[in-house]
Amino acid sequence: PFCSSNVDLIMSHSSVLRRSAPCVRTALRAAHSASSSEFDSTPMLPSVRILLSENPSIDWKSLVGKGSGPKGRLLKGDVLHAIANGGVGVSAAVQEAKAAPVASAAVRAHASAMKLAHAPMGATATNAVVHVYSRSGEHRSFVDQPVSQITAGHAQDSMAGKETKPHSYISVQVPLSGVDNVRKLAKDVIGAQVSELDVVVAALSRAAANKPEILAAWGGEEGLLMPDLKNGVSVGVSMSSSMGPVAPVLDRANAMGVAGISSALQGFRTNVDDVAEQSRGCHIGVQDLATAGVHAGYGVVQPGNIITVSVGAPTSNVIVGEAGSPTVSRSLTLGVAFDNRCVSEDEASLFASSVASSCSDATNML
């Protein structure tokens, strides 16, 4: 029952609490001040400090010195991983590397594989599971496959081309109405199955034969070297093989009709593993991005090539037709990469426009 003695007891306890509260607050402030001072004086990356400040539940002391950076430096990914795991201390990447020597060995194997672009031909990497942790702490893994001689050579050529040639890029949209007409005509008249790529290769080779200056190469102290086209324009078309990417070459492509180019490319695809040795330098390198479902992109002008053309996957858009009604228009994008010491942007633009015009009226290329 509620009585005066209970009131006196409550008042007595309240007065004790009021008297002791300043002491408690002082102690808390002192502890917080000491902790803040220690936190502020601990060397950290700005991004790490901000994340820890915004997440006071994380025991930052358990993370310091145990991060995944050099000499245990705490990185942003370590903190994000701790946040995602409810404040668990050390990054799982570090725990796994310390607890499982196999994982560390896998990382070392992966590092060795990354150096294969500069390794002797024929070098291979050991199959190993590599564990990767993104900045958000998400765990991913993949398996390193042995690197073939062709793949290593392709990587070397790409690096050499990118490092030694100043690249410029230009793209052009190619309407496919004319290309579709040629494909239908080839099927109806000569029974040939012709693809968009076949028509583009024919247009590229003929445009280059008509504008040979687009194939000028850089000769160092000798300056520009004009191409010798007495044997026609050669075009290499990238393909995938069991040994890696290869680019069999079509010689005299400008003298071949679309049907001839289609037949040659089909033969290469059928026997792609047998034509690997045919991959060599050529005037024009062609990358078929459509096989990967990519609509636009640019390649690298590799040693031995003059320009590289990337052929994107066709796209469809609804446009307003001549009668004002909606109609579907198909097109693809050509991405032209070239050495800007040899070819100006104006020359590259004229070349790309010429290719697009040829594709729009390709009946003369059958």
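Is the crossing of H9 and H11 left-handed or right-handed? I looked it up: the crossing is right-handed. A crossing counts as left-handed if the near helix is turned anticlockwise from the far one by less than a right angle, and right-handed if clockwise.

I am working on a predicted model, where local features need pLDDT of at least 70, side-chain atom pairs count only at pLDDT 80 or more, and totals for chains, interfaces and linings use all residues. Residues are numbered from 1 along each chain as its sequence is written, and side-chain values use heavy atoms, with hydrogens and water left out.

Helix packing. I took H9 as residues 196-210 and H11 as residues 345-360. Helices (H or I, at least four residues) and strands (E, at least two) are DSSP runs, numbered from the N terminus. H9 and H11 pack at about 130°, with axes 9 Å apart. Axes are lines fitted to C-alpha atoms, for helices over the stretch in contact, and angles run from 0 to 180 degrees between N-to-C directions. The two helices are therefore oblique to each other. Under 35 degrees is roughly parallel, over 145 roughly antiparallel, 65 to 115 roughly perpendicular, and the rest oblique.

Salt bridges. I searched the whole structure and found eight. The criterion is a side-chain nitrogen of Lys or Arg within 4 Å of a carboxyl oxygen of Asp or Glu.

Glu196 first. Glutamate 196 bridges to arginine 183, with the closest N and O atoms 3.0 Å apart. Glutamate 196 sits in H9 and arginine 183 in H8, so the pair ties together parts 13 residues apart in sequence. Glutamate 196 is buried at 15% relative accessibility, while arginine 183 is partly exposed at 28%. Buried means under 20% relative accessible area, exposed over 50%, partly exposed in between (1.4 Å probe, protein chains only).

Arginine 330 also bridges to glutamate 196, again with closest N and O atoms 3.0 Å apart. This pair links distant parts of the chain: arginine 330 is in strand S13 (residues 326-339), glutamate 196 in H9, 134 residues apart. Arginine 330 is partly exposed at 26%. I then traced the network of salt bridges: Asp180, Arg183, Glu196 and Arg330 are linked in it.

Within H8. Lysine 184 bridges to aspartate 188, closest N and O atoms 2.9 Å apart. They are four residues apart in H8, so about one helical turn separates them. Lysine 184 is exposed at 54%, and aspartate 188 is exposed at 51%.

End of H8. I noted that valine 189 lies in H8 (residues 177-189). Valine 189 is exposed at 60%.
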